[in-house]
Amino acid sequence: MASIDTPLVSVIMAVYNGEEFLREAVLSVLNQTLTEFEFIIVNDGSADASSQILNSFDDERIVLVERGNRGLPSSLNEAISIAKGEYIARMDADDVSLPNRLQLQYEYMRNHPEVGLVGGQALIIDAMGGEIGEARKPVGFELIKRYIEYACPVLHPTYFVRRGVYESIARYRQIPIEDYDFLFRIVEYGVIIENMPNFLIEYRYVSSGLTLFNPQRTTVLTRAIKKMHELRVCGLGLKEKELMLFVNSYDAKASWWFKKVYVLRSMAKNALFGYKKRGGRIWVWSMIFLIFLISLLHYQVFIESFSTYKASKLV
């Protein structure tokens, strides 16, 4: 039996103005079937009621760090630096961990010592908690290595990582889309990453995230992260540093035309989720074709849609 001083798992979560869904997120961790964990929460300078909500919990497993705003990568690295568990699990402040999530991932890692990181599948929910779709990622390292060339192969809030991977190989760099960059770097080091076929979390689809708040910026930065990986593989470290400067300084607003096309495509994708749930095959293929036509209206939307399509064929 592990004690609070030697937990099996360290769950880490950063919070920035996350009051709306924070209590539900915290409770979903505290109510896990695996109970031998510590829950490290970094309140990253929130100006809302996040601090009051976090301080209302009376559970010895919670380790609360409160300080000024430094951003997500810095907050996660700080939590990792004080983690005591053999494994480190990620959690986001607006998602919900399903009750047996930690138990499933802990048992998987115990039975697969060659794996350095394992994620899983997610149910997509809206702001009200209603299920609106599924987020599926590839199972099997060979598929993951192919998938990563098109899109991020593991959902960040499902990460379950051996602490040694963070400590001896890589932590998060101070750049946007830090999770995709992290996966590229550990794969380059030879770390095996996997996904379980099980649904592990409810992943909340809200407009405050980077992807929905400025989708054009996310598209540009995602392509830059891929290019940085290619430069490292080719031994062009200096050029990668130049590109990293671009990534950290890029803050362009989405153009009005990109927004129009992106919103239209998002509406078509939401309709596609609905038809997939209802099982209407003709309508599913009709919506896929419509998404393709809409994407042609802007080259960046098309590139993203094409990458998403190629990745989806590997799931």
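User: In which helix is the place of Asp 181?

Analyst: Asp 181 is in helix 7, residues 178-188. Helices (H or I, at least four residues) and strands (E, at least two) are DSSP runs, numbered from the N terminus. This is a predicted model, in which local features need pLDDT of at least 70 and side-chain atom pairs count only at pLDDT 80 or more, while totals for chains, interfaces and linings use all residues. Residues are numbered from 1 along each chain as its sequence is written, and side-chain values use heavy atoms, with hydrogens and water left out.

User: Why is Asp 181 called buried?

Analyst: Buried means under 20% relative accessible area, exposed over 50%, and partly exposed in between (1.4 Å probe, protein chains only). Asp 181 has a relative accessible area of 0% and is therefore buried.

User: What joins the side chains of Asp 181 and Arg 185, and which residues does Asp 181 touch?

Analyst: The two side chains are joined by a polar contact of 3.0 Å. A polar contact is a pair of N or O atoms within 3.5 Å; within protein, one must be able to donate a hydrogen and the other to accept it, and residues adjacent in sequence count only if both atoms are side-chain atoms. Not counting residues up to four places away in sequence, Asp 181 touches Arg 173, Ile 175, Ile 225, Met 228 and Arg 232, where contact means heavy atoms within 4.5 Å.

User: Why does Leu 243 count as buried?

Analyst: Leu 243, in helix 10 (residues 237-249), has 19% relative accessibility and therefore counts as buried. Leaving aside neighbours within four places in sequence, Leu 243 is in contact with Ala 224, Lys 227, Met 228 and Leu 231. The C-alpha atoms of Leu 243 and Ala 224 are separated by 7.1 Å, although these residues are 19 apart along the chain.

User: What makes the span of helix 11 close to the expected one?

Analyst: The expected span of a helix is 1.5 Å times one less than its number of residues. Helix 11 (residues 256-278) has 23 residues, and its 34 Å from first C-alpha to last is close to the expected 33 Å. Gly 279, with a positive phi near 85°, follows helix 11.

User: Why is helix 11 described as roughly antiparallel to helix 12?

Analyst: Axes are lines fitted to C-alpha atoms, for helices over the stretch in contact, and angles run from 0 to 180 degrees between N-to-C directions. Angles under 35 degrees count as roughly parallel, over 145 as roughly antiparallel, 65 to 115 as roughly perpendicular and the rest as oblique. Helix 11 and helix 12 (residues 281-295) pack at about 170°, with their axes 9 Å apart. Helix 11 is therefore roughly antiparallel to helix 12. Residues making the contact include Leu 272 and Tyr 275 of helix 11, and Trp 283 and Ile 291 of helix 12. Leu 272 and Tyr 275 are also among the buried residues of helix 11.
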